[in-house]
Amino acid sequence: MWFDGEIVPWEKATIHVFTHALHYGSGVFEGIRAYQAGDDVVVFRLRDHIKRMIESAKMYSFNLPYSNQEMCDATVALIAKNDFHASLYIRPIAFKGLGGINLDARATPTSVSIMAFPYAKYFDGGKPGLDICVSSWRRIGEPAVPGMAKACGHYINSVLARTESAEAGFDEALFLDSHGNVCEGTGENIFIVKDGMIATPGFSSGILNGITRQTVMKLIRDLGMPFVVRRIARAELYSCDEAFFTGTAAEVMPILSIDRKRVGSGKPGEVTSKLKAEYERVVTGLNEKYRHYLTFVYGTRQYIRATSNN
Ligand code: PMP
């Protein structure tokens with residue numbers, strides 16, 4: 001574990017129960033993936049994730065004692081120190097520590113930690129996609145909190161919806177925003193496809209600025225597929241041809257049914273399957289064009305050159 005500037009053993013990375021963030025959720029975090037690529041391990045869009053974390057901290061006036069570069073370097077050093085040669089999940093977190101119960105936590109010290117561990121699939125039900133429901137809970141956001149911040153406390157909202165959906169026998173929940181428009185999953189952005197046109201909600205629908213969403217939008221544009229960012233009404237969910245989630249943990253994940261109504265044929269659609277395959281090539285370094293998204297931990301690029309056909 002990287003903890004406040006040094007690499008320490010897992011069991012040493014502990015905090016006191018009086019920690020501000022434990023009581024009030026006063027922290028910000030990121031979820032990042034690294035992939036095995038031949039002899040190397042590549043971190044996907046590391047700098048962009050850390051940038052979002054810095055922006056999240058700013059929204060709450062939390063001071064981050066490390067720069068983007070320092071946190072990127074720390075992440076790479078951590079993976080190398082563990083000698084990981086596997087696909088990983090990486091979780092940086094910055095949180096308010098010991099400083100009493102004052103809700104104005106500006107004077108409370110901020111701790112930063114980064115953890116990394118081998119990780120395969122987030123949704124591991126053995127199905128080609130997800131059966132989801134629209135949550136009875138709306139997504140957290142304005143006017144109460146800046147929903148674009150990836151803040152620890154916000155996730156109690158996701159815990160609620162995800163648990164409710166699991167209790168009802170669904171794989172995942174989909175939030176509507178406070179106006180009743182389609183928003184996002186508990187840890188994923190959503191895209192729908194209707195008559196060949198791909199659509200996803202924009203920031204005015206209270207979404208998180210997903211990095212997988214950004215990547216998929218770039219792929220869609222580069223592939224010349226028809227695409228629009230717009231408000232999506234709930235009813236559209238029940239008449240679209242395809243739907244899929246995007247997220248660091250979920251990657252590109254087909255949605256098979258919504259509220260027990262089949263999406264399209266009930267199987268992963270053509271557009272979804274294409275984007276899923278493209279995304280997998282990008283994150284594992286098989287597409288040269290997007291290699292700038294990757295941070296090579298061990299610096300072995302031969303594999304990428306040898307196997308790329310782009
Ligand atoms: N929405 C929410 C609420 C999330 O927690 C996540 C996961 N970070 C996403 C969307 C997808 O974001 P990303 O693609 O950056 O993982």
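The largest cavity is lined by Asp-241, Glu-242, Ala-243, Pro-254, Ile-255, Val-263, Lys-267, Pro-268, Gly-269 and Thr-272. On a 1 Å grid over the protein atoms alone, a cavity is a set of points where a 1.4 Å probe fits but cannot get out, and lining residues have an atom within 4 Å of a point. β14 and β15 (251–258) are the elements that give two or more residues to this lining; strands (E, at least two residues) and helices (H or I, at least four) are DSSP runs numbered from the N terminus. The lining divides into 5 nonpolar, 2 polar and 3 charged residues. Here Ala, Val, Leu, Ile, Met, Phe, Trp, Tyr, Cys and Pro count as nonpolar, Asp, Glu, Lys and Arg as charged, and the others, Gly among them, as polar.

The model is predicted: local features need pLDDT of at least 70, side-chain atom pairs count only at pLDDT 80 or more, and totals for chains, interfaces and linings use all residues. Residues are numbered from 1 along each chain as its sequence is written, and side-chain values use heavy atoms, with hydrogens and water left out.

The ligand sits in the largest pocket. A pocket is an open set of grid points with protein on both sides within 12 Å along at least five of seven lines, and a molecule sits in one if more than half of its atoms lie within 2 Å of its grid points. The elements giving two or more residues to the shell around the ligand are α5 (211–222) and β14 (242–247). This shell holds 16 residues, the closest being Arg-52, Tyr-155, Ile-211, Thr-212 and Thr-248; a residue belongs to the surroundings if one of its heavy atoms lies within 4 Å. By class, the shell has 3 nonpolar, 8 polar and 5 charged residues.

| Side chain | Ligand atom | Distance |
|---|---|---|
| Arg-52 | oxygen | 2.8 Å |
| Glu-184 | nitrogen | 3.0 Å |
| Thr-248 | oxygen | 2.6 Å |

The protein covers 95% of the 380 Å² of accessible area that the ligand has on its own, by the Shrake-Rupley method with a 1.4 Å probe.

The largest pocket contains about 620 Å³ of space, a volume being the space filled by probe spheres set on grid points joined across faces, edges and corners. Lys-150, Tyr-155, Thr-186, Gly-187 and Glu-188 are the closest to its centre among the 33 lining residues. With 5 residues, α4 gives the most to this lining.

Notes
A polar contact is a pair of N or O atoms within 3.5 Å; within protein, one must be able to donate a hydrogen and the other to accept it, and residues adjacent in sequence count only if both atoms are side-chain atoms.
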